[in-house]
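Thanks, everyone, for making the time.

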Amino acid sequence: MTSSNRTDRWIPDAVEALKQADVEVVAHLPDSKIGPLIEAVESDSAFETVQVAREEAAIGVLTGAWVGGTRGALLCQSSGLANAINAIGSLTLPARTPFFAVVTRRGNLGEFNVAQVPVGYNIDRILDDFGVRNDTVTEADDVGHHIRLAAESAFSTATPYIILLEQTVTGSKLEGL
Amino acid sequence: MSDGTPKTADQTACTRRLLDVTPDAVLVSNLGVASYVLAGVADRERNFYQWGSMGVTIPVGVGLALVSDEHVTVLEGDGSLLMSLGELTTVAQHNLDNLTVVVWDNETYATTGGQPTRSPAVDFVGVAESCGVHATEVHSTNAFETAYRNAIATDGTSMIVCRVDPVDTDDRPPIDYPTIARRVRDAIADDPDQ
Ligand SMILES: Cc1ncc(C[n+]2csc(CCOP(=O)(O)OP(=O)(O)O)c2C)c(N)n1
Ligand SMILES: [Mg+2]
């Protein structure tokens, strides 16, 4: 239905960037905007994918993968990242392990769902407040470059880094949670 | 039940037994008592003690077992499992041969003072099986060892629910959290079998 959206070029760029950053494990829980990226990653044999039932489990899965010597990433929406906050604060940060996520930032431009607004609109400040670096991507052309640089920084500094994709990138829709 | 069978296993003895059976396993231990007991039994390079992230212990084991050939055994608590029962669906998705999950079911939040959990009302084996994870329950140290040997020998992931009495110990992991994580990572990376 939305596959002809002109902004869809960000998806192959994101897949390529994850590969260039040596990400091999992808944990995921969809929203309607990141769903196509999850599908692209699932159908690419370069990635081992892990479907989590709640996003904080991804912090455990990806920390375990890193301890086992492998880089991973979480794909989810901003409410899902909020579900993972205690795990970031009580595992990633104090154990000084890396964590990388590509998150559809909801609640801002184009948002139709009021339930996405309080967490989604403020997610960058919530992350800043507990010292988790994040970068908001507003242009589809920047997706690949920013994912690559953010992932490199997360893994080389062994700290979390979150890429937030605005709806100017992922495409705003009048429905779809 | 007055057939003389002990109703509970001994968590410390079981921790010792599982190390006898799998001396080289990577152990991911739940925050609090599971980690304290493990540290008291044997502080090893391959102990990934958790200090927080309650409800996320089993996923750490899934990630480790997914990317490595090491045997990974998770030492979970009943309270932590109850916080995140949905994670069993992720365990089932991968059903990894090199992953075993042990749940120390002491029916309490022992680490925070022994407040009761809802565990007595929960059939953990039934929950696990209905999520697609093979599971069994044991009530003695000997039965635990047998179940653990079976779990290691069987394909796919098995979960062993081990009824124990709450343990109170002053033992603690002797190194700080970043060192714990790096020590496990280095031990796996240095493994010539990997
Ligand atoms: C998210 C969260 N909620 C509550 C706590 C407080 N807390 C720390 S350990 C613990 C008990 C864990 O119970 P269980 O998993 O059964 O392990 P046990 O202490 O019985 O070994 C609790 C409630 C916490 N650290 N994190
Ligand atoms: Mg308990």
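Let me begin with a term I will need in a moment: a residue counts as buried when its relative accessible area is under 20%, computed with a 1.4 Å probe on the protein chains only. Please also keep in mind throughout that what you see is a predicted model.

With that cut-off in hand, B:T108, at 14% relative accessibility, counts as buried, and B:D78 counts as buried too, at 2% relative accessibility. Since B:D78 belongs to helix α4 of chain B, residues 78–83, and B:T108 to strand β5 of chain B, residues 108–109, the pair ties together parts that lie 30 residues apart in sequence.

Turning now to chain A, how do helices α1 and α7 of that chain cross? The axes of α1, residues 10–20, and α7, residues 143–157, come within 8 Å and cross at roughly 25°, and the two helices are therefore roughly parallel to each other. The crossing of α1(A) and α7(A) is right-handed. On the α1(A) side the contact is made by A:W10, A:D13, A:A14, A:A17, A:L18 and A:Q20, while α7(A) contributes A:V143, A:G144, A:I147, A:R148 and A:E152.

How values were computed
Residues are numbered from 1 along each chain as its sequence is written. Chains are lettered from A and ligands numbered from 1 in the order in which they are written. This is a predicted model: local features need pLDDT of at least 70, side-chain atom pairs count only at pLDDT 80 or more; totals for chains, interfaces and linings use all residues. Side-chain values use heavy atoms; hydrogens and water are left out. Axes are lines fitted to C-alpha atoms, for helices over the stretch in contact, and angles run from 0 to 180 degrees between N-to-C directions. Helices (H or I, at least four residues) and strands (E, at least two) are DSSP runs, numbered from the N terminus. Angles under 35 degrees count as roughly parallel, over 145 as roughly antiparallel, 65 to 115 as roughly perpendicular and the rest as oblique. A crossing is left-handed if the near helix is turned anticlockwise from the far one by less than a right angle, and right-handed if clockwise. Contact means heavy atoms within 4.5 Å. Buried means under 20% relative accessible area, exposed over 50%, partly exposed in between (1.4 Å probe, protein chains only).
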